[in-house]
Every structure is written in C-alpha cells, then in structure tokens.
Amino acid sequence: TIALMKFSGASGVLNIISIPRDLYGNVGDKRMRFNRAIGEDRVEELLALMDDLTGIPVDKYIILDLKTVSETVDALGGIGADFPERITDPVSGFSLDAGVQQLDGETTVWLIRNRFAPEGDLFRERNQHLVMEAIFKKFNSLGSVKKTQFLFKMLPEITKSTTNFSIGEVVADLRDVGDVEFNGITLDFGTGLLRTISLPTPEGDAYVLIPSGGMDQYGEIKSYILERIK
C-alpha cells in the first residue's frame, strides 16, 4: 500500500492520497510497478515522481509493517470505524457488518489487506483511509498524559521502521495536534484516469495500471488530485 499524507497545520486538514500499487511506469531508470520500489531499493526515485504525479513535492517517507499497525491499534485500546457496507472475505469466511464496528489490531490488519470486492485494491484503499482516520481520532481523544504515554510506548517499535527522518523529532508535534479533518482521495476507475494493460512476463501475462493518456503521462491525474486537496 502506498499513501501520500499532506497535513496543513493552519487548517487542520489531513489529506490522504492513495497511490495505486499496480501503477506502472518509469521509476528512476527502470520501468516497474510502483509497489516494487521498496524491494528494488528505489524509494527515493519513487518520491521524486510524486510532484509530477500529484503536484505535491515529497521528501520524507516511512515504511511500516503490519505488526506495527496491529500493535498501534491494540496500544490505543482498539478503534471504531463506520463502514458503509458489509465486508466479507470468501476465503476465510471472516466478515464485518455495515455500521460502526470496534476493531482490535488483528481485525484491523485483516481489513486493510482485504480486497475481495469488485473494485479490488480501490475497495481496500477506502477501508485503509477509514482505519487511518479512526487511529488519529482515537489518539486525539486521549488526554495529554495518555497521548505522551502512548507515543513513548510505541516509539521503540516505530523507530525500527525504515524511514529517512527522525521519528523522535515529530513526537512533540503529534502530541500537540488538535482536531483533524480528513480528506481521502482515491483514483478509482470511475475517474477515467487509469486503464489496464497486459505485459508479457516469463510467468505469463501481468496486468498493470497506466494513465489513460499513456505511460508516464500524469498531467490529468495531477490536476484531479490538486482540485481535491484541502
């Protein structure tokens, strides 16, 4: 999962823009799916693309694993999220009813990985936005002492993550954040901005996403995102 987060302290708005993991194009001097950037050690090259793709220059990143997400939710005592429809995994049989549901760490990880819906990854991205919003809201509902206790409890785990900035530097800022308005942006097929193409591989055809205007042509996607940024 790739998400770009832009926070405006002046307006208190956190914009969350999901970047499709199957988007395919030039990352540095090599063509690949964007989700291969970590394994190919090309995160910095992927960051360099963000201005062209979204209109937002990005120079900082953090790579979190699912264990950290699960422990974060459990350390908060669980989170509550409001789901517009029932979510079911036909493989495991696990499901969540529509409406407000309380989630522990294990259930949260199941939810943000689940893509068993006609929209696939786009369905999963919207659920991930709900989870991120629920985590921030639960954190902001804590008093200042509990916020500090939570941050220092999670700091050792989070500092194990791969990042290019000091997590410790932002602890004080996180503790002082007040109410946050969330603005989620996803690039679903209804926008007409993406199309699927087939690429031959030794294992068979692979299906990837490219901009409707052609490979590496991000102008329309960029305009769409900038129009929806708060």
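This is a predicted model: local features need pLDDT of at least 70, side-chain atom pairs count only at pLDDT 80 or more; totals for chains, interfaces and linings use all residues.

Colleague: Let's begin with charges. How many salt bridges does the structure hold?

Modeller: The general idea first: side chains of opposite charge can pair when their charged atoms come close. Here the structure has 10 salt bridges.

Colleague: Pick one for me. Which residue does Asp-22 form a salt bridge with?

Modeller: Its partner is Arg-33, and the closest N and O atoms of the pair are 2.8 Å apart. Asp-22 sits in the loop between β2 (13–19) and β3 (24–27), while Arg-33 belongs to strand β4 (residues 30–33), so the bridge ties together parts that are 11 residues apart in sequence.

Colleague: And is Asp-22 buried or exposed?

Modeller: Asp-22 counts as buried, because its relative accessibility is 18% and the cut-off for buried is under 20%. Arg-33, at 22% relative accessibility, counts as partly exposed.

Colleague: What about Glu-40: which residue is its salt-bridge partner?

Modeller: Glu-40 bridges to Lys-30, with 3.3 Å between the closest N and O atoms. Glu-40 lies in the loop between β4 and α1 (43–54) and Lys-30 in strand β4, so this pair links parts that are 10 residues apart in sequence. Both ends are partly exposed: Glu-40 has a relative accessible area of 26%, and Lys-30 has 31%.

Colleague: One further along the chain, please. Where do Asp-97 and Arg-86 lie?

Modeller: Those two form a salt bridge as well, their closest N and O atoms being 2.1 Å apart. Asp-97 is in the loop between β8 (95–96) and β9 (99–103), and Arg-86 is in the loop between β6 (79–83) and β7 (87–88), so the bridge ties together parts that are 11 residues apart in sequence. Asp-97 is partly exposed at 42% relative accessible area, and Arg-86 is partly exposed at 46%. There is also a network to look for: salt bridges with shared partners join Lys-30, Arg-36 and Glu-40.

Colleague: On to the strands. How do I read a sheet, and what is the order of the open sheet of 3 strands?

Modeller: Strands of a sheet pair through backbone hydrogen bonds, either parallel or antiparallel. The order in this open sheet is β1-β2-β11, and the pairing is mixed. β1 (2–8) and β11 (181–185) are the edge strands, each with a single partner strand, so each has one side left without a neighbour in the sheet. From one strand to the next, the twist averages 20 degrees.

Colleague: How many bridges join β2 to β11?

Modeller: There are 5, and the two strands run parallel. To find your place, go to Asn-15, whose bridge partner in β11 is Asn-183. Helix α7 (residues 219–228) packs on this sheet and touches β2 and β11, its direction making about 160 degrees with that of β11.

Colleague: Now helices. At what angle do α1 and α7 pack?

Modeller: Two packed helices are described by the angle between their axes and the distance between the axes. For α1 and α7 the angle is about 75 degrees, with the axes 6 Å apart. The two helices are therefore roughly perpendicular to each other. On the α1 side the contact is made by Asp-51, Asp-52, Leu-53 and Thr-54, and on the α7 side by Ile-221, Lys-222, Ile-225 and Leu-226. That contact divides into 4 nonpolar, 1 polar and 3 charged residues.

Colleague: Last topic, backbone angles. Where does Asp-41 lie?

Modeller: Asp-41 is in the loop between β4 and α1. Asp-41 has a positive phi of about 55 degrees although it is not a glycine, and with a relative accessible area of 66% it is exposed. Another to look at is Asp-216, with a positive phi near 65 degrees. Asp-216 is found in the loop between β13 (204–211) and α7 and is partly exposed, at 22% relative accessible area.

How values were computed: Residues are numbered from 1 along each chain as its sequence is written. Side-chain values use heavy atoms; hydrogens and water are left out. A salt bridge is a side-chain nitrogen of Lys or Arg within 4 Å of a carboxyl oxygen of Asp or Glu. Helices (H or I, at least four residues) and strands (E, at least two) are DSSP runs, numbered from the N terminus. Buried means under 20% relative accessible area, exposed over 50%, partly exposed in between (1.4 Å probe, protein chains only). Two strands pair if DSSP finds at least two bridges between them. Axes are lines fitted to C-alpha atoms, for helices over the stretch in contact, and angles run from 0 to 180 degrees between N-to-C directions. Contact means heavy atoms within 4.5 Å. Angles under 35 degrees count as roughly parallel, over 145 as roughly antiparallel, 65 to 115 as roughly perpendicular and the rest as oblique. Ala, Val, Leu, Ile, Met, Phe, Trp, Tyr, Cys and Pro count as nonpolar, Asp, Glu, Lys and Arg as charged, and the others, Gly among them, as polar.
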